[in-house]
Amino acid sequence: MTLGTTHRALLDDAFDEAGQLPRDARARRSGQSIEDAAFFSGAALAKLSDTLAQDALPLGVLRDRLALRAAEATVVATGRPERATELRDAVTFLRPEDHPGPAGATYMSWRRAVARPLSKVSLQRAFAQYEADEIEGWLRVSSERTAKSPIGQAAATLAAVLKDQPKSEGLAMCLADARLARAMNWTHVVPLMALGLTARDLRKTEDDARLACHTATTLAADHALSVSQSLIRRAEALRAVAPKLRAKGSDKAVALFLSQDAVTPAMLTHLMSDRAARRFCDRLVSLGVAKELSGRESFRLYGI
C-alpha cells in the first residue's frame, strides 16, 4: 500500500502527539459512517505499517503476543473460560505426547499462522483440517465493491469463511487478517481482527460487517502500536545490557528473548546448565530488561 505525501500527512494528522488515535476514533460509536470508519482504519494501518518496518521492533515477540491475545479473544467468542495466562501455559509447557485441549489448540493455530511468512501453505499448517487450495480460495473471494479496499477484502474473506464454516470463528478471523496482510504487502499475518471484532460483529452482514471490520481494525491497530512501542523500548534496553552478560551462551539466549513471547529456563539448557539458565533469567529481571510472566515460584515464564 503506497501513500502519496499529501495523503500521508492527512493520515498523520489523525494521530495525537503520543502517536495514538484520538479517543473518539478509538471508541465504538453508533451511527458512524463507513467513510469515517475507513479514514481512521486507514490511518491506523498506515501508522502500523511504518512501525512494523522499524528495525528496533522485535517482530517475533509482537506477532507472538498479538497471537496470544487473538487466541484469547477467539476463545471468549466461542464461550470458553480460558484466558491468556492459561493459554500461554497450555502451549509453553506442552509435552510431545500431550494434547493442548480445544483452547490450547486455538492458540497453537494462531501461533503457527503468524510464525512463518504468509502463504497458503503456512496457513494450512496452522489449520491442518483444511486443504491449502481451500484456504487460498477464501483468500481470493472478492467483489467489485470490495476489491480495492484492504479491509473490504478482509471482510469478504471473513464472510466467506463464516458462510462455509459458521462455527470456525478463529479460522475466519485469522484468514481475514491474512487477507489484510496480503493487501498491505506485509510478510506475515498480524493478528488484528480477533482483537477488535465481537461475537455480535461476527453475525453482521454486508455494510454492517464492513463497518465492524473497519472499527475493529482501528481498535486493534491502535493496541498493536502501543504494544510495539513498549517492545521497542524493552528490546533496546535488553540489547544495551547484552554485551555485559557473561553467561555461557548469553548471546543466543538474548536472541531467544527477542524472538518470542515467553521463555522458560528449560529452553536455555542447550546453551547452559539448568541452574545457570534460571539464574540468567532472574538476572535479566533484576536488570529490568525482562519480566516474569507467570507470577509463580515454580514453572516460571519470562519475556521482555
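**Reading burial and contacts**

Colleague: Is Ala194 buried or exposed?

Modeller: This is a predicted model. Buried means under 20% relative accessible area. Ala194 has 2% relative accessibility, so Ala194 counts as buried.

Colleague: Where is Ala194 found?

Modeller: Ala194 is part of helix 11, residues 193–196.

Colleague: Which residues is Ala194 in contact with, leaving aside neighbours within four places in sequence?

Modeller: Contact means heavy atoms within 4.5 Å. Ala194 is in contact with Ala70, Ala73, Thr74, Trp110, Met173 and Asp177, once neighbours within four places in sequence are left aside.

Colleague: How many residues apart in sequence are Ala194 and Cys174?

Modeller: They are 20 residues apart in sequence. In space, Ala194 and Cys174 are 7.5 Å apart, C-alpha to C-alpha.

Colleague: Now a glutamate. Why does Glu136 count as buried?

Modeller: Glu136 is buried because its relative accessible area is 11%, and the cut-off is under 20%. Glu136 sits in helix 8, residues 132–140. Glu136 touches Lys120 and Arg182, not counting residues up to four places away in sequence.

Colleague: What does Phe257 touch?

Modeller: Not counting residues up to four places away in sequence, Phe257 touches Leu268, Val61, Leu238, Val263, Phe280, Cys281, Leu284, Ala290, Tyr302, Gly303 and Ile304.

Technical notes
Residues are numbered from 1 along each chain as its sequence is written. This is a predicted model: local features need pLDDT of at least 70, side-chain atom pairs count only at pLDDT 80 or more; totals for chains, interfaces and linings use all residues. Side-chain values use heavy atoms; hydrogens and water are left out. Helices (H or I, at least four residues) and strands (E, at least two) are DSSP runs, numbered from the N terminus. Buried means under 20% relative accessible area, exposed over 50%, partly exposed in between (1.4 Å probe, protein chains only).
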